[in-house]
Each structure stands twice: as structure tokens, then as C-alpha cells.
Amino acid sequence: MTTTPDTSTLSTLDSGCEVHLPGDPGYDAASTPWNLAVEQRPAAVAVPRTIEQVSDVVRAAVAAGLRVAPQSTGHGAAALGEGSLADVVLVRLHELTGVSVDAAAGTVRVLGGTLWQDVAVAAAAHGRSVLHGSAGDVGVVGYVLSGGLSFYARRHGVAANSVRAVEVITADGDLRRATADEDRDLFWGLRGGGAGNFGIVVAVELGLLPYADVFAGMLLWDRERAPEVVRTWTEWSRTAPDSATTSLRVMSFPPLPELPPFLSGRDLVVIDGAILETDERAAEVLAPLRALSPEMDTFGRIPAPALLQVHMDPPGPTPAVADHSVLGPLDDAAVEAFLAQVGPGTRSGLMFAELRHLGGQLAKPVAGGGVLSSVSGEYALMCLAPAPTPQAAVAGRAAAFSVVRAMSAWSRVALVPTFAETRVEASRFYDGYDWAALCRLRDEVDPGRVFVANHPLS
């Protein structure tokens, strides 16, 4: 027999903090994440607007014997949704937003629910940029504290290395500030240990990049050209400079009227990314790919915030399922295995299969960095399928896993946290020593296991 959790302590919260219980009119909307394929049924949903309200929510939840799960957008909600949330207060942070740029110090302070698009625009006003991801509507905190792979990454490393300070509400409801000089162990663990294993992160301070604009864009071909494009890109990527961070995707789009004609109903192969060089040097770097005569070539000098549009991520909440692996060097056999899954004439059922180029500065651990200051491997493989119905979700997971399995001969044990859409053993993100140290730190900071993360440490 199941019992209904006692959520009465939540009624004492400040009226400015929304609280939604099962059966309330606003509960379904408040508990729905960005990934619409995921159903979340927590004991309650709290929507704080201030740091003080976050602290109050944690104290009230602990007093009621409930656990707490922080969530901003819910892009990675599939991993969280695989566990029971029946005794969990889901703390949605989308109302706790704000960006403060200190151009003189070269930093930006970002509140816990802020999206990358707002940070990129604020930084651009000062001629700067940030180590954001490929989509503007992704929350900053979850991405950056899980490592973060940017189109600046092969030159500047994982986004977690840009973190200068973290402000986190721990299980006692207190606010702790972790930096290289104070609370150093917690600062180490948060940078790569995720936003939900130690508390609720209510603000981060990030270092800025010196880019007002960037040479970036995409090259596009019909999928019939995939064999030569994939072979050329993989060969090109082996010697591409660290200034170039690109991805290759084989993509399929349904015939929808809201899509532009060059996408609607088409199967395509797309190379996109950024090259941190002068226009002339960037053109030299791109020359072997442009020699393949793409149907569309948008590479050129663009304002830094426009880099968030290059990858063509969905513009709003979307139901999807995915699978992921990290690959080592790709030889001719690897290319053939990839093409056998998603090349011309195949019907994979995927929206896309992506190879994201790693290496460069991503592969180099940073002195004084966090638990995840580098990423092993040469490529990150990400396979995603639309999942508008439960049946489509089952088929999509099978399709994504089929590609990952086909590439298993070239795969590494490690995974990239921000690409891991389903719950996996979190030990796969770290080496053994760091994993053990991270678990000990969690035991010190949250001995009662109050907090629930997408990828819990144990």
C-alpha cells in the first residue's frame, strides 16, 4: 500500500513561491519538462523566485521527510524521470533568473534558472562571449556544472573550467559559496559533479571569452552525398586545428509546412560549428569541406550570440528519446559501420545521428580544475529520435541504441554527462579515484541523501 507524502509544511512558504500539489490546476503544467516525452509525478512542485525562497523550500521539504530535485528547463529530464519522484519536491528554477556582467573582471554572474540565450546577449553587449552550448533555451547551471561541450570547446575546453564561483543551497537550507579560495572541496566536486548531487545551485560566476563575433555556420548536402561527406569530414577532423569545433549530423525531417523548404521532408547530412580564426584562415581550414560543393554554405562572420542558432536545435519543448557514446579514432571500418546505419537508403527512424568532434583542449586536464576538467575520446556520438507517443518512444530508443551498438567496436567506457539523456552509472563520467572522492564529498555535504540528481552518484 502506498501512502501520500505529507506536504503540509510547504503551505508555510512565502506566498511569492508557487507550490503545486497533485490534483491542483497548475500541477501538470508545472511538472512538465522541456522534453515532452517525459512524465514527472513528484509529491509537489515548487517555483521559487528568490534565493531565500529556495532555502525555505529545502527546509520545508526536509521537515516533511521529503527529498528535493532541482530542475531548470528539463532538457535532460529523461534521466530524472526514470526514478520515482513520489517523495520528491521538484524545484523548478525558471523564475529565478538574472545576469550581471562585470566586464572589468571578465566575469558574469548568472542566477540558477537563467538560459544561455540571455547570458550570450548580455555578454555581447560588452563585446564578450561565453562557453555556451548549441541551444539558447538550455539552462546555464545544469549544462556548465555537468561539463558542457561548446562550439568553442576544442580551443577552450569544457564549460565547467570557466566557473569561478558557485552559490548552492545545501540540505540544511544554508547558502554556501564555493570558489578556488573558499569551500575548495565543494568547488572541485560541483565543477563536473552536476547541479543536483550536492544541493540546489542558485548562482554561478563564469569567466567570459574575448569574442564579439565568430566565424561559424553550416554546410548542407542531400543524404545521398553522405558517403563522401562523412569520409572527408572524419579524415579532415584528424588534423583540424584546435580552433575548429564542428559536428557532423545525418538528419531526417518530416514534411511539415512550418519547416523551411530546404529541410521539410528531406534526409540531409550537415556539418556545422565554429572556427576561431580570421576569415582568411578560417576559409583555408574549411577548404577541404567546401570542395565537396555543399548545397548550402552559411559559414561566415556572425555576432557571437548568433552561434546559438547554427545547430538548428528545436525552438521549443519537444518529445524525444536518445542514446549516446564516446568514440575513439574512426577508421574506414568505423565510417562504413556508421553509414550502414544512417547512410543513403537506410530507414533508421532517427531525427539525427551526430558525431561531435572532441580532442584539442577538451582532452587536456586543467590544473586546479574540477572533477570533470577534460573529456577523453575523439568524438561524441549522439542519436536522437522523435517520441510523440509511447510507442514512438520505444521505437526511437531501439533506433538510437542500434547506432550506438553498431559503433561499439570504437567506443570508450566514458560518457559525456550533457549527452547522457537516460540514467546511467554516474561512475562512467569520472576515473576511479575521482569517483571515490566525489562520493565521499557527497556523503559529507548531503549525508541524508536529500537531493536527487539526474545521474545520482549512488
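A residue counts as buried here when its relative accessible area is under 20%. By that cut-off, W116 and Y143 are both buried. Keep in mind that this is a predicted model.

**Aromatic pairs**
- The structure holds five aromatic pairs.
- One of them brings together W116 and Y143, whose ring centres are 5.5 Å apart; their planes stand at 90°, so this pair is edge-to-face.
- W116 belongs to helix α4 (residues 116-124) and Y143 to helix α5 (residues 140-144), so the pair ties together parts that are 27 residues apart in sequence.
- Y152 and Y211 make a stacked aromatic pair, with 5.5 Å from centre to centre and 10° between the planes.
- Distant parts of the chain are linked by this pair: Y152 is in the loop between α5 and α6 (153-156), while Y211 is in the loop between β9 (200-207) and β10 (213-222), 59 residues apart.
- Both Y152 and Y211 are buried.

**Charges over rings**
- Over the ring of F187 sits the charged end of R191, 3.8 Å from the ring's centre.
- R356 lies over the face of F151, and here the distance to the ring centre is 4.9 Å.

**A pair of strands**
- Strand β3 (residues 67-71) is mostly covered, with four of its five residues buried.
- β3 and strand β4 (residues 88-92) run parallel and are joined by five bridges.
- Which residue of β4 is the bridge partner of V68? Look for V89.

Conventions
Residues are numbered from 1 along each chain as its sequence is written. This is a predicted model: local features need pLDDT of at least 70, side-chain atom pairs count only at pLDDT 80 or more; totals for chains, interfaces and linings use all residues. Side-chain values use heavy atoms; hydrogens and water are left out. Rings of Phe, Tyr and Trp (its six-membered ring) pair if their centres lie within 6.5 Å; planes under 30 degrees apart count as stacked, over 60 as edge-to-face and the rest as tilted. Helices (H or I, at least four residues) and strands (E, at least two) are DSSP runs, numbered from the N terminus. Buried means under 20% relative accessible area, exposed over 50%, partly exposed in between (1.4 Å probe, protein chains only). A charge sits over a ring if NZ of Lys or CZ of Arg is within 6 Å of the ring centre and within 35 degrees of the ring normal. Two strands pair if DSSP finds at least two bridges between them.
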